[in-house]
Amino acid sequence: MSAKSSAGDLREYVEGLARAAKQASVGLRSLKPSAKNAALESIARAIDARRESVRAANQEDVQRAVKDGLSPAMVDRLTLTDTRISEIISALRDVAALEDPVGEIIGTRRPAGFTLEKVRTPIGVIAMIYESRPNVTVDAASLCLKSGNASILRGGSEARASSIALVECIREGLGRAGVDGHAVQYVERTEHEAIDYLVRQAGLIDLVVPRGREALIRRVTENATVPVIKHYKGVCHIYVDETADLEQAASVVTNSKVNRPGTCNALEKLLVEESVAPRFLPMVRRQMAQVEFRGDEQVRAILPDARPVTEEEWYEEYLDLVLAVKVVRGMDQAVAHIEKYGSSHTDGICSTDARRIEEFVGRVDSAVVVVNASTRLNDGGVFGLGAEMGISTDKLHARGPMGLKELTTYKWVLRGNGNLRT
């Protein structure tokens, strides 16, 4: 097959998915909450019944990842243990238990002689492009289904077998619940150009949500003719100020870094006020013996085993057991550093001074700002959203963890009694 005909075949394949999803979205708009919840429960049962096939598919992906030299943190990100499969099933049921946002009246006005209602409604067709974590396949499908949206999912090639196995469970569950199977679709073609075609389906796809590394986000935003909400890399910071409870701060920093270093809400950069750095850095270093520290001259004077950090690294998301550290002179320098190098994802402060805390919260323009707490808490499940599409670093429409309400828009309903405009 020629390159030209192959490209045409891929374009037709992607457009076919988009057209089928668009048609399915029409029926989803009016699907009753009970029917959506029954479908989610049916999917949960299908995954539970097919645990072994899901684990077997995941083992294929994990073995390939190890062979290809992916870091241990990335392999962990990819791995589906039996516990994690149970968590996927629980998340489906958590989403089913949430209040259905569709049809909610979020505002009412009564101009002369008629009533205006602002009513929450599905967006339509949402394309989700993501990397590595196969549980995202189910999270995205469940949230879109509950919010009345059709979804087209395109996961990373490293998790292809796992994602396809989970999509088969989803389709089985939808079928048993009597819901159009085209409501959740997966792009099985692995060519990178499939992403380009997918994000150009204006008129068929209503929103694209890319979640992953910088190169993926850039490719989507540069090629899209469909609106995009970016879920950008997590260059997450914690600033330890001079009033911090250092033992508490060490615990917070350690959890933020080592709990799951391959996730976007893991700590990547640590900023420490110079007056407490000589006491704090050895303390946190002892708690994170498995982490490679990198730092400036002041850091390396305190921690001789720390490696030098390059300018480019301050922008980098390691997604590994690596931490860049900088000694700063007060909040002004800390905030300036976050402003320059951060990704507007998750940034925090450890302090006992209420005034300084509120100053930091007001000055740092990130999707989520944490105070005396782990950055790993920035999560849709932790926030009570059931699951999440990801953590939006954009400012328009949705910011932070995207749950059900963030997957809806609204329409105005005007109720009158023969009203005319004069």
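User: How are helix 3 and helix 7 oriented to each other, and why?
Analyst: This is a predicted model, where local features need pLDDT of at least 70, side-chain atom pairs count only at pLDDT 80 or more, and totals for chains, interfaces and linings use all residues. Residues are numbered from 1 along each chain as its sequence is written, and side-chain values use heavy atoms, with hydrogens and water left out. The axes of helix 3 (residues 51–67) and helix 7 (residues 160–176) cross at roughly 165 degrees, on a scale from 0 to 180 degrees between N-to-C directions, with axes fitted to C-alpha atoms over the stretch in contact. Angles under 35 degrees count as roughly parallel, over 145 as roughly antiparallel, 65 to 115 as roughly perpendicular and the rest as oblique, so this pair is roughly antiparallel.

User: And how are helix 10 and helix 11 oriented, and why?
Analyst: Helices here are DSSP runs (H or I, at least four residues), strands are E runs of at least two, and both are numbered from the N terminus. The axes of helix 10 (residues 246–258) and helix 11 (residues 277–287) come within 9 Å and cross at roughly 45 degrees. Helix 10 and helix 11 are therefore oblique.

User: Which residues of helix 6 make the contact with helix 2?
Analyst: Helix 2 (residues 33–49) and helix 6 (residues 135–146) have axes that come within 9 Å; their crossing angle makes them roughly antiparallel. On the helix 2 side, the contact (heavy atoms within 4.5 Å) uses Lys-36, Asn-37, Ala-39, Leu-40, Ile-43 and Ile-47. Their partners in helix 6 are Val-138, Ser-142, Leu-145 and Lys-146.

User: Which helix gives the most to the lining of the largest pocket?
Analyst: A pocket is an open set of points on a 1 Å grid over the protein atoms alone, where a 1.4 Å probe fits, with protein on both sides within 12 Å along at least five of seven lines; lining residues have an atom within 4 Å of a point. This one is lined by 29 residues, with Glu-87, Arg-133, Asn-135, Asp-139 and Asp-379 nearest its centre. Helix 4 (72–78), helix 5 (82–97) and helix 6 each give two or more. With five residues, the top contributor is helix 5.

User: What about the second largest pocket: which helix gives the most to its lining?
Analyst: Of its 15 lining residues, Glu-131, Arg-154, His-192, Ile-195 and Leu-216 are closest to the centre. Strand 3 (125–130) and helix 9 (214–223) each supply at least two. Giving three residues, the answer is helix 9.
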